[in-house]
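Biologist: I'd like to learn how to read a protein model. Could you walk me through one, feature by feature?

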Amino acid sequence: MYIEKFEKAPCIWVYKDYFDVKEATGVDPSEKLIEQYVGKHKTIVCRAENLPFEDDSFDVVISLTAIQNFDDVYKGLSEIKRVGKSRF
């Protein structure tokens, strides 16, 4: 399994084909942090409470050091569940 180095990395990662990691997207509200990321995956600036993805878009959603920064914890967790197929 591929493990991303999370130093200077976005707080939320969404994966397609998780065990083979064909696609991953980093999500963070900080444009400055997104600009510092030097990994190979795409990134977007947005808040967890309004994720710009279709329902059930990702196999796995992982949140690192993010939940305590949500403006609305319930909405953020609802969005994570909405875009994740079954594991988050």
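Modeller: Let's go from the overall layout down to single residues. First, this is a predicted model, where local features need pLDDT of at least 70 and side-chain atom pairs count only at pLDDT 80 or more, while totals for chains, interfaces and linings use all residues. Residues are numbered from 1 along each chain as its sequence is written, and side-chain values use heavy atoms, with hydrogens and water left out.

Biologist: How many helices and strands does the protein have?

Modeller: Helices (H or I, at least four residues) and strands (E, at least two) are DSSP runs, numbered from the N terminus. Here you get two helices and five strands, and they come in the order β-β-α-β-β-α-β along the sequence.

Biologist: What share of the residues is buried?

Modeller: "Buried" is under 20% relative accessible area, "exposed" is over 50%, and "partly exposed" is in between (1.4 Å probe, protein chains only). Of the 88 residues in this protein, 40% are buried. As for total surface, accessible areas come from the Shrake-Rupley method with a 1.4 Å probe, and for residues only the protein chains shown count as cover. The protein's accessible surface is about 5,500 Å², with 51% of that belonging to carbon and sulfur atoms.

Biologist: And what percentage of contacts join residues at least 24 apart?

Modeller: A contact means heavy atoms within 4.5 Å. Take the contacts between residues at least 6 apart in sequence: 54% of them join residues at least 24 apart.

Biologist: Why is the aromatic pair called edge-to-face?

Modeller: Rings of Phe, Tyr and Trp (its six-membered ring) pair if their centres lie within 6.5 Å; planes under 30 degrees apart are stacked, over 60 edge-to-face, and the rest tilted. This structure holds one such pair. The ring centres of Phe 53 and Phe 58 are 4.8 Å apart and the planes sit at 85 degrees, so the pair is edge-to-face. Both Phe 53 and Phe 58 are buried.

Biologist: Which side chain does the side chain of Asp 59 contact?

Modeller: A polar contact is a pair of N or O atoms within 3.5 Å; within protein, one must be able to donate a hydrogen and the other to accept it, and residues adjacent in sequence count only if both atoms are side-chain atoms. Asp 59 sits in strand β4 and is buried, at 17% relative accessible area. Its side chain makes a polar contact with the side chain of Lys 85 at 3.3 Å.

Biologist: What does the side chain of Asp 72 reach?

Modeller: The backbone nitrogen of Tyr 74, at 3.2 Å. Asp 72 lies in the loop between β4 and α2 and is partly exposed, at 38%.
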